[in-house]
Amino acid sequence: MSKEIVLEVTNLDKRFGKVHALKNVSLKIPRGSVFGILGPNGSGKTTMLGIVTDMQKADKGSYSWFGQGNDYTLRKKVGSLIETPNFYSYLNGFDNLKITQLISGRGDNEEIKSVLKRLDLFDKSHIKFGNYSLGMKQRLAVAAAIMGNPDVLILDEPTNGLDPEGIAFMRRILMELAAEGKTIIIASHLLEEVQKICTHVSILQYGDLLSQGKVEDLLGASYTIVIEADNIAGLDQLLKNKFKSIQSIDVFKNRMVLSLEDKILPQDINAFCFENKIVLSRLELVGTKLEDKFLEITRKN
Amino acid sequence: MLTLLQIEWLKIKKYKAFWIIFAFLILLFPSVTMGFGRIIENVAKNAQGIKMLLGGPFDFNQVFFTAAYLNNGLNIAWGMLLILMIGNEFQSRTIRQNVIDGQQRNDIITSKLILVLIFSLFSALLLMASALIAGLIFAENSFHVTSDVFEVFGTFFFASVMQMLFALVFGFFIKRPALSVILYLGYTVFIENIAVGILVAIFKSTYPKLLFTQAADELTTVAITRNFKIDGEMAPLPMEAPWIACVVYAGLILFFLYRYINKTILK
């Protein structure tokens, strides 16, 4: 992967009255990465994306696209879907994409047809945008974003409001785009999806950047073991005494979730339980989910 | 600039309100001019004194001044259209999306200024055509055209531009299409006229007629009052006064519009 930085954000700071929406946030997004920006509602994700797409101005700090500053012409190389699909309701799909094409300078009429086909909208391109379903609107927005093969894609909650079929469609498109090696900046609540496609993540909360880096670095070598048995009373203390790398144990009725600093072999746990006359009905070693890490980091703060 | 024009054309060519107002103005310009011509003709038939007083408002070249004076208010329709377009673009957040896609913020204003110029040009041409037809029907002298016609064309064009610049202020600052249109109409048709009337009465001067959109109206009024003293006992405004006022207003409007669009958060 090239180390070229497509977007560098330096000490961005933004206030809305008393609300400090972004606090001195700095990050670098390398070319070819799929960069997830995670955070609960109000964490500053959309504010940051709004600043780098010139929807709003930062109070302090700067950003630079492709190492060349923040001139509006650089945004033409970036396909964006921020929050909701925004198009002219009385124009059809084709005309709406034509406007995007004229503004961005990306693609031509053939390219418009091509992206409409890719997003399964070609047959509906003559229909007014106002008459599109929510899923179609979202697909048209993705079509506008990927039209002309931009260097970078910004997708802010691309699955917002979609039905399961729409989400599945969007997931497929995202997977395809990621596989094409595009730089994708994605803000989403769907952490499972993000974990599947992202190479890098940053976590924001109340305007603070809590963590950023490669997904594998963020998740680290931590593991979780889930065990289930009919009688596990007192087992948590026994396990803690035996295995020092157990960080914490959460007990839910007949299920126990062990958070480990270092990997413990499941068979060692199984043998230990057997020695203590506990027969396990489930024993599973799982890598840390991004969701767990996200919750761990945000709860800490 | 050509790309902006192309984009604006794409936006308006399927915009119903545009075609309704376009058709409305094509019908109304000649209707107003000829309707008034018919009235003058009938009045003059019955009362020669009035004819003496009015002179020949539909004679060449006076007919062009008369038509400009009569039709000036019709530009409010273009103003309404611009307000609706801007309001809808804010509501559907397409202004925001266009900036995200790489449009310069200044181009948001510039693209609407292009429309202002085109609509004004169209209005001025429509005025000239209406005046010409009315002149051919009602003029008592023979057809002739002098350089005055260019003055009328220029004056009406500038008055139209001014009327629409004021509309842009309502459109961009209020953003909500229905509310902006109501306030724009309420202000230009009622509030400002009442305010000017009161101020003129208080100060016994015609200078309050230079208040905002009234100044645009005065461009054509002053032109016609060179021949018809319709201001009564008060001294008419100097010829250059509404021009100066309008140039100042235009400068201020453009300054504040560009400043606003570069600073505002595009929600």
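Modeller: A salt bridge here is a side-chain nitrogen of Lys or Arg within 4 Å of a carboxyl oxygen of Asp or Glu. The model is predicted. By that rule, it holds 22 salt bridges over all chains. Side chains of opposite charge can pair when their charged atoms come close.

Start with the interface of chain B and chain A. The rule finds four salt bridges across it. How much surface goes into that interface? The size of an interface is often given as the accessible area lost when the parts come together. For chain B and chain A, the buried area is about 2600 Å², and carbon and sulfur atoms give 56% of it. On the chain B side, B:Leu10, B:Ile100 and B:Asp101 lose the most area to chain A; together they make up 24% of what that side buries. By residues, 25 from chain B are in contact with 27 from chain A.

On the chain B side, helix H1 (2-13) and helix H6 (94-100) each supply at least two residues. H6(B) gives the most, with six residues. By class, the side of chain B that touches chain A has seven nonpolar, eleven polar and seven charged residues.

Now the charged pairs between the chains. In one of them, B:Arg93 meets A:Glu83 at 3.5 Å, N to O. B:Arg93 sits in the loop between helix H5 (75-91) and H6 of chain B, and A:Glu83 sits in the loop between strand S5 (78-82) and helix H3 (93-104) of chain A.

Another pair is A:Asp54 with B:Arg105, where the closest N and O atoms are 3.3 Å apart. This pair belongs to a network of salt bridges that links A:Asp54, A:Lys57, A:Arg75 and B:Arg105.

For contrast, look at the boundary inside chain A. Chain A is divided into domain 1 (5-219) and domain 2 (223-300). The domain centres, taken over C-alpha atoms, are separated by 39 Å. Domain 1 of chain A brings 13 residues to the contact, and domain 2 of chain A brings eight. The two domains bury about 1000 Å² between them, with 76% of it on carbon and sulfur atoms. The count of salt bridges between them is zero. On the domain 1 side, helix H7 (191-197), strand S8 (200-205), strand S9 (208-214) and helix H8 (215-219) of chain A each give two or more residues. That side divides into nine nonpolar, four polar and no charged residues.

Strand S9 comes up again in a charged pair within chain A. A:Asp208 forms a salt bridge with A:Lys23, with the closest N and O atoms 3.6 Å apart. A:Asp208 is in strand S9 and A:Lys23 is in strand S2 (residues 19-30) of chain A, so the pair ties together parts that are 185 residues apart in sequence. A:Asp208 is partly exposed at 31% relative accessibility. A:Lys23 is partly exposed at 27%.

Chain A has another such link. A:Arg118 pairs with A:Glu176, with the closest N and O atoms 3.1 Å apart. A:Arg118 is in helix H4 (residues 109-118) and A:Glu176 in helix H6 (residues 164-179) of chain A, 58 residues apart. Relative accessibility is 29% for A:Arg118, which is partly exposed. A:Glu176 is also partly exposed, at 28%.

Last, some backbone points to check by eye. Most residues other than glycine have a negative phi, and most peptide bonds are trans. A cis peptide bond joins B:Phe60 and B:Asn61, with omega about -5 degrees. B:Asn61 lies in the loop between helix H3 (48-54) and helix H4 (62-71) of chain B. A:Asn11 has a positive phi, near 50 degrees. A:Asn11 is in strand S1 (residues 5-16) of chain A. B:Phe212 also has a positive phi, about 35 degrees. B:Phe212 lies in helix H10 (residues 212-225) of chain B.

Terms used: Residues numbered from 1 in each chain as written. Chains lettered and ligands numbered in written order. Predicted model: local features only at pLDDT ≥ 70, side-chain atom pairs only at ≥ 80, totals over all residues. Heavy atoms only, no water. Domains from an automatic or database assignment. Contact = heavy atoms within 4.5 Å. Buried area = accessible area lost by both parts, 1.4 Å probe. Helix = DSSP H or I, 4+ residues; strand = E, 2+ residues; numbered from the N terminus. Nonpolar A, V, L, I, M, F, W, Y, C, P; charged D, E, K, R; others polar. Buried < 20%, exposed > 50% of the residue type's maximum accessible area, 1.4 Å probe, protein only.
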